[in-house]
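Please find below my notes on the model you sent. They are meant to be read with the structure open.

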Amino acid sequence: MKPLYIYDPTVSQVLDVEIRELLCQCFKDARFRYQRFNYELPVHRWILRNGEGKLLAHVGVHDKRLGSEKGELRVAGLAEVCVHPEARGNGYMRRLVGEAHRWCRAQGIDFATLFGKSEIYGRFGYVPQNNQLELFDVEAGVWKQKSFPHFQVLPFSAQSWPRGLIQLFGPEY
Ligand SMILES: CC(C)(COP(=O)(O)OP(=O)(O)OC[C@H]1O[C@@H](n2cnc3c(N)ncnc32)[C@H](O)[C@@H]1OP(=O)(O)O)[C@@H](O)C(=O)NCCC(=O)NCCS
């Protein structure tokens, strides 16, 4: 079993259904019944299938821009990390997340970010950050601040993560 990279615009109708079925089995969010993302479509994905071709594991990676005191940052945003309930405990998440991180490094991306549980992602080197995050409310036409207690960052270089306000261009992920 090898992790397979998927560029999201190439996802077929069949694969779309497979991904949504896996996401529905792993998360409670009802929106996965009709879309293969939570708030925003990730551009990159990695999947694992078993010998019979059944989809067992998935990770999505957003290519995000964030505004910060250090200027605009390009970061990877991991999302929809999941493994089929019957396939857990076999290191599949570790393999897919590791593959996504290798790709980020090769792309010259300085940070991976995610909104997730620190007991899971701490072991990959992610550190919770207490930046206030700001999202643009398109209807109101204003930036709105929001706290994200599960926001975590993994640096790939010696660069330090900026303090203070972070502007999230686009929706959360
Ligand atoms: C979380 C999830 C992806 C783990 O998948 P998995 O294939 O069982 O994970 P792995 O076997 O690769 O485990 C890798 C490491 O994470 C640890 N781990 C796995 N699930 C964990 C959990 N829920 N809490 C804490 N640690 C966990 C494992 O002990 C292992 O540690 P080690 O490498 O130091 O021994 C899977 O349980 C899942 O899909 N859950 C539902 C969706 C979800 O919650 N996704 C995460 C959103 S934040």
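Predicted model: local features only at pLDDT ≥ 70, side-chain atom pairs only at ≥ 80, totals over all residues.

1. Which pocket holds the ligand? The ligand sits in the largest pocket.

2. The shell. The ligand is surrounded by 18 residues, and the closest of them are Val81, Val83, Gly89, Gly91 and Arg94. By class, the shell consists of nine nonpolar, four polar and five charged residues.

3. Elements that build the shell. Three elements each contribute at least two shell residues: strand 4 (71–83), helix 2 (92–107) and helix 3 (118–121). Strand 4 and helix 2 come up again below, through Leu73 and Arg102 respectively.

4. Backbone atoms facing ligand oxygens. A ligand oxygen lies 2.7 Å from a backbone N or O atom of Gly89. For Gly91, the distance from a backbone N or O atom to an oxygen atom of the ligand is 2.8 Å. Tyr92 also takes part, with a polar backbone atom 3.4 Å from an oxygen atom of the ligand. Gly89 and Gly91 are also listed among the closest residues of the shell.

5. Leu73. This residue belongs to strand 4, an element that supplies at least two residues of the ligand shell. Is Leu73 buried or exposed? Leu73 counts as buried because its relative accessibility is 9%, and the cut-off for buried is under 20%. Leu73 and His150 are 77 residues apart along the chain, and their C-alpha atoms are separated by 20 Å.

6. Asp16. Helix 1 (residues 13–26) contains Asp16. With a relative accessibility of 14%, Asp16 is therefore classed as buried. Which side chain does the side chain of Asp16 contact? The partner is the side chain of Arg36, in a polar contact of 2.9 Å.

7. Arg102. Helix 2 holds Arg102, and helix 2 is one of the elements that supply at least two residues of the ligand shell. The side chain of Arg102 makes a polar contact of 2.8 Å with the side chain of Glu99.

Methods:
Residues numbered from 1 in each chain as written. Heavy atoms only, no water. Near = heavy atom within 4 Å. Polar contact = N/O pair within 3.5 Å; in protein donor to acceptor, adjacent residues only side chain to side chain. 1 Å grid on protein atoms, 1.4 Å probe; cavity = no way out; pocket = protein on both sides within 12 Å on 5 of 7 lines; lining within 4 Å. Sits in = over half its atoms within 2 Å of the grid points. Helix = DSSP H or I, 4+ residues; strand = E, 2+ residues; numbered from the N terminus. Nonpolar A, V, L, I, M, F, W, Y, C, P; charged D, E, K, R; others polar. Buried < 20%, exposed > 50% of the residue type's maximum accessible area, 1.4 Å probe, protein only.
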